[in-house]
Each structure stands twice: as C-alpha cells, then as structure tokens.
Amino acid sequence: MAALPAAMEGAGSHVAVDGALGRGVCRDSMEPSATCSCNCPCFCSCPCSPLGVEAGKPVRHMAALVLARGGSKGIPLKNIKPLAGLPLLGWVLRAAVDAKVFQSVWVSTDHDEIENVAKQFGAQVHRRSSEVSKDSSSSLETIAEFLHHHPEIDIVGNIQATSPCLHPTHLIKVARMIQKEGYESVFSVVKRYQFRWHKNKNGVLEPDNVNPAKRCRRQDWSGELYENGSFYFATRQIIESGCLQAGKMDYFEMGAELSVDIDVDIDWPIAEQRVMRYGYFGKEALHKVKWLVCVVDGCLTDGHVYVSEDQKEMISYNFKDAVGIELLRERGVKVLLISERNCSKTLSAMKLNCDVEVSVKNKLQVVEDWRKKKRLCWKEVAYLGNEESDVECLKKAGTSGAPADACTAAQHAVGFICKCSGGRGAIREFAEHILLLTERSEFSRKENEELIKKQ
C-alpha cells in the first residue's frame, strides 16, 4: 500500500483552495499538492474532497490513531493475528487510508512485529513509552502521550483495531461532523433492544428500562444506544482536558452487523464470518474469479522433492488440496498450475485435471501471455504464490494469497494469508476464500440491481 503523500505528513498542514488557480495549496509550503485529479489534497475543500469544507476555510490536522500494544492478555499478539486472511490491524488501517480524510495515519505500539505490519498497510508508527504500555495503562493516557510528541495534530480519531468491519464511509461522515459542522467529539454507537435488570442492595430484582406489566413490542421501542468501541474522535483540547467525550458532542450510529469486538478466542470465528460478509475489501469492486493460477512447489506441495536411486523425482500433495481444486472446478473456476521445474509427467500422474505450465523462467511473462490468450483481465485471476518470483503476479492479481510459510515478500504482497502451509491444505483454504468472495460479489451485484430498480 502506498505511503501517505508528503503533504499529509508535514506539521500544521492546514489547507486552503487557491480560487484563481482552482487547486489546493498547503499553507505552510504554499506548494500545490498532487493527490487527486485537480491537484489538491483530498481532505481540502475542492469538489473531489470527501469533506466538502467551504473554500478558504482551514482544515485542521486530523490524525487517525490505532493503539496496538504487543502485550494483549486475552489473545497473544491479537492485533496482528490473521483474521480472514489479513492481520487484524490491517482491516482498520485499510479503511483509514482509503477514507482520505486524515492528514496522517498512525499506529502507537511497543512491538517490532506490529510496527512492521503497520508500515505494510501505509501507517506511520509512534513507538510508545513503557509508561503507557502496561496492562493498567488507559487509552486516554496513551493518546495524550502521542499528542505530546506530535504538536502539529489538532484532532485524533482513535480507531480500535478490534473492530474490523469499519468502512471508509463511516470515517468520512465523522470527519465532516468534526471539520465542517464543528463537533469537538464524536464516538460510535450501536442501537440495542435489550431489557436490563439489576438486584438492589437488598437483593431484590428490579427492572432498569422496562415495565414488566406493560412490556412493549420491539418494533414499538426506539431501543438504547451503546458504545460499540469502533472509534472515538476528539479535539486536542478535549483530550488534554482529561477525557474523550465532552464539548460539542454527538454519536455516530453503526449497524449491529458491523459492531464486532474481539476480546477472547471465542469471538474470532464470529468476527471472521462478519468480516467476510460485511467487511471492507478495498476501493476496487470485487470481481468474479474465473481462473486460479497456483504455484506447484511450495503451494501444491510443501516444497520437498524426493529423488530415487535412478534419479527420478517424486513429490507429494495433500488430498485436501485436490478437493479444493475440484470445488473450484464445480463452481466454474478453472486452475492453472505453474512450476519452475519440468514436472509435467508428475503433474499428469496426479490427475488433477488442471492446465499446466512447466519450466517457467519468468512467471509474470508466462501468466501475462496466458491471460491475454484467455482474454482475461487481471481482476478475474486469483494467484497463490509463495516466493519472491511470485510477487509481481500477486500484486497484479485481482485476488491474491500465500501459504502460511511463504516468504515475507510474498506475504506482504497478498490480500489473504492462509493459516495452512504449502502442501498442507493451503489450496483448499484459498479455494474456500475465493468462493466466499464470489458469493460476496454476487450479493453486491444483486444489491446494486435492487437499488437501481428503486430509483
């Protein structure tokens, strides 16, 4: 993911629009920026800005901040544990970067691995001190320390890594409330329809929000608002006063289906299901996959090659992966196996009914030629690779994946990292991911058709 533009990183990067030239300028440097089609910063008051601030009005420096320490007790290194193929932290960072309303996106951490993941997704890193890395440290203390080191920041959008169903549209709407409507703090909530009870000091059960003699129907009740923990936006002044919710304040309501929080292991499979159904997968629309290109050595196999006394090579594969290939074929997704070795006879003996390209020297060139021959666009191609020689193909493919034991460069280039290693079920896992994305793509298509009919 590309790094943030330099204009976003400078101190006090307040923005105005040059009326005569019709382009954005940074008030500190007075140099035009080039982050959109009309040469203006995407967070200013130009027509393409998601904020829509009045021309000439300063836009305060708003930073997205994700707190992600390494000492999670419930789930070790929870913030970078893979969720639906991405590190948990990656889901919210992708939304924050793509919202284009933040002059800077930050992760506050004390852990090297978390720092690496944060940079991979386009965030800057603030190495927090040991004083605010304790189990007893509060979010407010950690945010206050961050602001102390960054005097250029006026507003902080504290985004929780454990809320992976966040979308850029949510952040854009909240940014408008802060920058355009003048709110000093905005936080996310979810509406719930639950009757609450408690026992008083005498041990007698009493209702909190319901009259048992006149229980209303759910549809006749407006419900109650609960913080869902997705984000807390506040100005520097509010935070330095010792809280996150004060001043001119409002809430932003999110749907119950998007309000996912992860604290313990039992939450993980539920969160994965929600993310696959409601998560944000990037700016590009999902396309139906027509072909899977899969590397043989290290993906179909575990990379081992066995050589007999008469110099014959043998490899092994997992039956789960054969089932995964068959599942794709049944759903109309064809498979191309490629290898840098000349192993056509071995692959033929496996009887996987796949197209095969062997003795491949340049994977990108071979796949490019094959793609054009099949009249496919890259968005219709899924690619499963594990080596540095796969990186360019992984970056171009519409859907990309890597086994759990793939090299670091390959893992950094993909949108899905398997839990299984090569030759140990990675293809089956990636096949299921492709089919889930296909279902999601079809669902989105039907939703759009329904919207068009209603218009």
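Select glutamate 272 to begin: its relative accessibility is 19%, so it counts as buried (buried means under 20% relative accessible area, exposed over 50% and partly exposed in between, with a 1.4 Å probe and protein chains only). The model is a predicted one, in which local features need pLDDT of at least 70 and side-chain atom pairs count only at pLDDT 80 or more, while totals for chains, interfaces and linings use all residues. Residues are numbered from 1 along each chain as its sequence is written, and side-chain values use heavy atoms, with hydrogens and water left out.

Glutamate 272 sits in helix α7, residues 267-278 (helices, H or I of at least four residues, and strands, E of at least two, are DSSP runs numbered from the N terminus). Now display what surrounds this side chain: apart from neighbours within four places in sequence, glutamate 272 is in contact with Pro82, Leu83, Ala84 and Lys419, where contact means heavy atoms within 4.5 Å.

Finally, turn to the charged side chains, where the count comes to 18 salt bridges, each being a side-chain nitrogen of Lys or Arg within 4 Å of a carboxyl oxygen of Asp or Glu. One of them joins arginine 69 to aspartate 135, with the closest N and O atoms 2.8 Å apart; arginine 69 is in the loop between β3 (62-67) and β4 (82-83), and aspartate 135 is in the loop between β7 (124-127) and α4 (139-149), 66 residues apart. Aspartate 135 is exposed, because its relative accessible area is 52%.

Move on to arginine 127, which forms a salt bridge with glutamate 115 at a closest N and O separation of 2.6 Å. Arginine 127 belongs to strand β7 and glutamate 115 to helix α3 (residues 112-120). Glutamate 115 is buried, because its relative accessibility is 16%. To close, select Asp112, Glu115, Lys119 and Arg127 together, as they are linked in a network of salt bridges.
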